[in-house]
Amino acid sequence: MHTLIDTHAHLSGLEGRGIDTRQTLADLFSKDNINIIDISLEPGDLSTRIHEFSCYNRVHFASGLWPWSLSITNREKMVMELEKDIIALRKHICALGEFGLDHNRNHENLEGERELMEMQMDMAQKLELPVIIHSRDAAKETAEVLARYPQVRGVVHCFSYGPTELQSFLRLGYFISFAGNITYKNARNIQEACKAVPPDKLFLETDCPYLAPVPHRGKPAHPGMVEEVYKKAAEIRETDLPTLAEQIEENVKTLFGF
Ligand SMILES: [Zn+2]
């Protein structure tokens with residue numbers, strides 16, 4: 001049986017949305033061959049997440065500082081805390097992230113936001129960790145920062161741009177990950193980008209509890225729904241699910257090493 005990999009899930013966010021996380025994971029792991037990368041957005045929760053989820057041994061961990069106004073304002077202190085956590089728990093960590101630029105939400109202190117991203121790129125370079133990048137309405141600015149770190153490898157997650165922006169990230173050697181929104185009717189631009197990604201640069205994810213794929217749209221998402229994302233990506237790319245799954249498994253091994 002092929003393995004499906006949800007390369008971007010926020011497991012800690014499921015409980016607050018009415019999902020019984022333990023039950024959902026137990027069900028999932030008993031019948032499906034699925035792997036998950038659990039992502040956090042703030043420092044300090046890494047040991048709790050590892051304590052809670054590492055028993056499933058199909059859950060892998062990444063930590064980063066999302067560009068909230070709190071983390072932008074307190075970037076020096078919070079990046080130091082994050083680094084301390086990551087060094088202490090290094091053997092559980094497969095990537096640094098998610099972090100990046102969000103000009104859909106942030107309209108002030110963009111310099112601080114960029115610095116927060118650069119500080120984490122510096123850390124990734126120093127600790128030799130791949131990065132998971134969040135980028136919204138800031139394709140050009142994001143690519144400019146990434147271009148200054150040619151040794152760092154990573155993925156642009158929940159890709160929400162079109163085929164034109166796609167090229168700038170591919171040129172930098174980045175992997176591209178698509179979430180549940182590729183199943184949405186109005187997502188033509190994202191679907192075209194999904195079609196254009198070379199097979200060896202593609203990842204899929206849920207970004208749960210957000211962006212539940214059709215036919216679950218509107219409900220909180222969980223990692224089991226990644227199958228719908230695989231099905232849609234296979235349809236868009238005119239391939240079959242086992243071929244796609246095998247390729248993504250290989251891509252995950254290349255970038256994250258598991
Ligand atoms: Zn996320």
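Visitor: Why is the site of the zinc ion called irregular?
Guide: Good place to start, and keep in mind that this is a predicted model. The four donor atoms make angles of 85 to 176°. A tetrahedral site would need all angles between 85 and 135 degrees, so the 176° end of the range rules that label out. The site ends up classed as irregular.

Visitor: What makes His8, His10, Glu98 and Asp207 donors of the zinc ion?
Guide: Distance decides. A donor atom must be within 2.8 Å of the metal, and NE2 of His8, NE2 of His10, OE of Glu98 and OD of Asp207 lie 2.1 to 2.5 Å from the zinc ion, so they qualify. Their spacing in sequence is H-x1-H-x87-E-x108-D. His8 belongs to strand β1 and Glu98 to strand β4 (residues 93-102), so this pair links parts of the chain that are 90 residues apart.

Visitor: How do you know that His8 and Glu98 are buried?
Guide: The cut-off is under 20% relative accessible area. His8 has 0% and Glu98 has 2%, so both count as buried.

Visitor: Why is β1 described as largely enclosed?
Guide: Because six of its six residues are buried, the rest of the structure largely encloses β1.

Visitor: What makes β1 and β2 a pair?
Guide: Pairing takes at least two bridges, and four join β1 to β2, so the two strands are paired. They run parallel. Leu4 has Ile34 of β2 as its bridge partner, and Ile5 stands opposite Asn35 in β2.

Visitor: Why are β1 and β8 called edge strands?
Guide: The eight strands form an open sheet, ordered β1-β2-β3-β4-β5-β6-β7-β8, with parallel pairing. β1 and β8 each pair on one side only, which is what makes them the edges. From one strand to the next, the twist averages 25°.

Visitor: How do you know that the buried residues of α2 line one face of the helix?
Guide: The residues in question are Leu46, Arg49, Ile50 and Phe53, in helix α2 (residues 46-53). Seen down the helix axis, they fall within an arc of 100°, so they line one face. Their cover includes α1 (21-31), β2, β3 (59-63), α4 (75-88) and β4.

Visitor: Which residues of α9 are buried, and what covers them?
Guide: In helix α9 (residues 226-236), the buried ones are Val226, Val229, Tyr230, Lys232, Ala233, Ala234 and Ile236. Among the elements covering them are β1, β2, β7 (175-178), α8 (188-196), β8 (202-204) and α10 (241-256). After α9 comes Glu238, with a positive phi near 50°. As for α10, that helix lies across several strands, including β1, β4 and β8, and runs at about 105° to β8.

Visitor: Why is Glu118 counted as buried?
Guide: Glu118 sits in helix α5 (residues 110-127). Its relative accessibility is 15%, and buried means under 20%, so the label applies.

Visitor: What makes Val145, Arg148 and Tyr149 contacts of Glu118?
Guide: Contact calls for heavy atoms within 4.5 Å. Setting aside neighbours within four places in sequence, Glu118 is in contact with Val145, Arg148 and Tyr149.

Methods. Residues are numbered from 1 along each chain as its sequence is written. This is a predicted model: local features need pLDDT of at least 70, side-chain atom pairs count only at pLDDT 80 or more; totals for chains, interfaces and linings use all residues. Side-chain values use heavy atoms; hydrogens and water are left out. Buried means under 20% relative accessible area, exposed over 50%, partly exposed in between (1.4 Å probe, protein chains only). Donors are N, O and S atoms within 2.8 Å of the metal (3.2 Å for Na, K and Ca); water is not among the atoms, so sites may look incomplete. Four donors count as tetrahedral if all angles lie between 85 and 135 degrees; four count as square planar and six as octahedral if opposite donors are over 155 degrees apart and all others between 65 and 115; anything else is irregular. The arc is that of the directions from the helix axis to the C-beta atoms. Axes are lines fitted to C-alpha atoms, for helices over the stretch in contact, and angles run from 0 to 180 degrees between N-to-C directions.
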